[in-house]
Amino acid sequence: FSTGRLAGIRVVVTAGPTREAIDPVRYLSNRSSGKMGYAVAEAAREAGASVVLISGPTTLDAPAGMDMVRVESAAEMLDAVQAQLASACDLFISTAAVADYRPATPAIHKIKRQMEALSLPLQPVTDILASVAQGNPRPFCVGFAAETENLLVSAQKKRISKGVELIAANQVGGGLGFDADDNELLLVWEGGSKTLERASKIRLARQLVEQIAELYAGGGTT
Ligand code: PMT
């Protein structure tokens, strides 16, 4: 891993889960711990970048040597990302497990227990990564893909549908992905792909940043 490859580059990384309120005491969320995103932010800093980490709720300590913005919901994460883009960002890495849906109308008061079934209408959440990728000017965009099947095909489709330069896909489950210390990544970009074999998230984050730096500099090949 060579340090300095991202010197002078301004990087925004999102990490962790989001929480979407159902009522004042309940929320919808997911199993993301933030470990992968924090490791990516640290690897970018090690490579010489100036890093802003935008994190959903996690139990992890703030990494040293970078700015950190803590958010709770996907809407707050979108606002925080847009604020960073407004003040210049060269590279956006979307590691967060952002909600796809949120309760349409969070209840103002705690929902009381009842004996009948309860339905919870959900509405789609803005896709932060896709909206950043559609911007003009826009940073170099890296997304993640959490998949339970057909990793390569799903990653290729996701890269094109989101309009991003690189997708880091992980097959979740079996001790990898969400809330694990280890992971395995399949990197997919236009005209190339590479498997990063099972390793700690810290090691994988360094390899990912190395690949990003290569593509960012315009020298990316298979
Ligand atoms: O946090 P850990 O416990 O370490 O786990 C790491 C991880 C498994 C969460 C991480 O490696 C990972 O895969 N992150 C992306 C999870 C995810 O939401 O994947 P997705 O396939 O649903 O989303 C695809 C991409 O769109 C992601 O870059 C995501 O950040 C982005 N997205 C999704 C929904 C949304 N509303 N806005 C987004 O920006």
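Guide: A residue counts as buried if 20 or more other C-beta atoms, placed from the backbone, lie within 10 Å of its own, as exposed if 12 or fewer do, and as partly exposed in between. Helices (H or I, at least four residues) and strands (E, at least two) are DSSP runs, numbered from the N terminus. This is a predicted model, in which local features need pLDDT of at least 70, side-chain atom pairs count only at pLDDT 80 or more, and totals for chains, interfaces and linings use all residues. Residues are numbered from 1 along each chain as its sequence is written.

The protein chain has 5 helices and 12 strands, and buried residues make up 39% of its 222 residues. Helix H1 (35-46) is mostly covered, with 12 of its 12 residues buried; among them are Met 36, Tyr 38, Val 40, and also the charged-type names Lys 35, Glu 42, Arg 45 and Glu 46. The cover over these buried residues includes strands S1 (10-15), S4 (50-55), S6 (91-94) and S11 (182-189), together with helix H5 (201-216), where a contact means that two C-beta atoms, placed from the backbone, lie within 7 Å.

From its first C-alpha to its last, H1 reaches 16 Å, close to the 16 Å expected at 1.5 Å a residue, the expected span being 1.5 Å times one less than the number of residues. Just after H1, Gly 48 takes a positive phi of about 100°. H1 is also one of the elements that give two or more residues to the shell around the ligand, a residue being near if its C-beta atom, placed from the backbone, lies within 6 Å.
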